[in-house]
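Hi everyone, thanks for making time for this one. Have a look at the chain on the screen first, and then I'll walk you through it.

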Amino acid sequence: MALHNRLCKRVSWDSFRRPKMASEPVTLEQVAFSIWLIGMSASFALVAWSHFKFHSELKRRIQKVEEGVLERIQKELGSKVKVYSVEGNESPMVVGVLNPAIILPRQLLERATERDFPKQLKFVLQHEYNHILKKDLLIKMLYLIGRSIHWFNPLAVSYTHLTL
């Protein structure tokens, strides 16, 4: 209770006064903050739109991997990771920050059986699984949040061209 009383005394009720009237001048800080807020919102909206567009397109195209091949992949990696295949000219990738899954091109999986596993597929799987272990998608998500907050910073924008 004593802590609550001390905190309440420090809060000035003047800070909760009515908003400024239109006749009061707008400060440079308010204009700069408004511009920054609009830019940040637009940047977040663009990132979210491209994310959802990509995932909705991918969800339409992915297919489950045959059960025997999936078990062999999980045995090879030593993990119960989800694996899907996709038709087309896609590169292998990892999707999902909370529930990661490996997406592989169909032609890469065509030669894989329960007994025979191509060496190239082993390398690709290990590479993609390393992205999961290192939490690369979480790091990229945090980077995109930071870039959206710092949309006005030329260094943050130029770093995008170096990494992506």
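Predicted model: local features only at pLDDT ≥ 70, side-chain atom pairs only at ≥ 80, totals over all residues.

Helix 2 is the biggest contributor, with three residues.

If you want to find the spot on your screen, the lining residues include His 55, Leu 58, Lys 59 and Ile 62. Among the others you will see Lys 82, Tyr 84, Val 95 and Gly 96, and the list also includes Asn 99, Ala 101 and Ile 103. Sorted by class, that lining comes to six nonpolar, three polar and two charged residues.

Now for the largest pocket. Its space is about 850 Å³. Of its 26 lining residues, those closest to the centre are His 51, His 55, Leu 137, Lys 140 and Leu 144. Four elements each bring at least two residues to the lining of the largest pocket: helix 2 (28-61), strand 3 (93-95), helix 5 (119-133) and helix 6 (136-149). The class count for this lining is 16 nonpolar, six polar and four charged residues.

Let me step back to the overall layout. The chain has seven helices and four strands. Reading from the N terminus, the order is α-α-β-α-β-β-β-α-α-α-α. Of the 164 residues in the chain, 26% are buried.

On to the surface. There is a nonpolar patch there, formed by Phe 44, Val 97, Leu 98, Leu 138, Met 141, Leu 142, Ile 145 and Ile 149, and together these have about 670 Å² of accessible area. Which element gives the most to that patch? Helix 6 does, with five residues. Leu 142, one of the patch residues, is found in helix 6.

Next, the charged pairs. The count of salt bridges comes to three, and I'd like to take them in turn.

The side chains of Glu 57 and Arg 60 meet at 2.9 Å, N to O. Both residues sit in helix 2, three residues apart, so about one turn of the helix lies between them. How accessible are the two partners? Glu 57 is partly exposed, because its relative accessibility is 33%, while Arg 60 has a relative accessible area of 63% and therefore counts as exposed.

The bridge between Glu 90 and Arg 61 is also given at 2.9 Å, N to O. This pair links distant parts of the chain: Glu 90 is in the loop between strand 2 and strand 3, Arg 61 is in helix 2, and they are 29 residues apart. Glu 90 is partly exposed, with a relative accessible area of 26%, and Arg 61 is partly exposed as well, at 24%.

The remaining salt bridge joins the side chains of Glu 76 and Arg 72, at 3.7 Å, N to O. These two are four residues apart in helix 3, which runs over residues 67-77, so about one helical turn separates them. Is Arg 72 buried or exposed? Arg 72 is buried, because its relative accessible area of 19% falls under the 20% cut-off.

Lys 135 has a positive phi of about 60 degrees although it is not a glycine. You'll find Lys 135 in the loop between helix 5 and helix 6, and at 49% relative accessibility it counts as partly exposed.

The other is Ile 35, in helix 2. Ile 35 and Phe 152 are 117 residues apart along the chain, and their C-alpha atoms are separated by 9.7 Å. Ile 35 counts as partly exposed, because its relative accessibility is 49%.

How values were computed. Residues numbered from 1 in each chain as written. Heavy atoms only, no water. 1 Å grid on protein atoms, 1.4 Å probe; cavity = no way out; pocket = protein on both sides within 12 Å on 5 of 7 lines; lining within 4 Å. Points joined across faces, edges and corners; volume = space filled by probe spheres on them. Nonpolar A, V, L, I, M, F, W, Y, C, P; charged D, E, K, R; others polar. Buried < 20%, exposed > 50% of the residue type's maximum accessible area, 1.4 Å probe, protein only. Patch = residues over 30% accessible without salt bridge, like charges linked within 9 Å, V, L, I, M, F, W, Y side chains within 5 Å. Areas by Shrake-Rupley, 256 points an atom, 1.4 Å probe, with all protein chains shown as cover. Salt bridge = Lys/Arg side-chain N within 4 Å of Asp/Glu carboxyl O.
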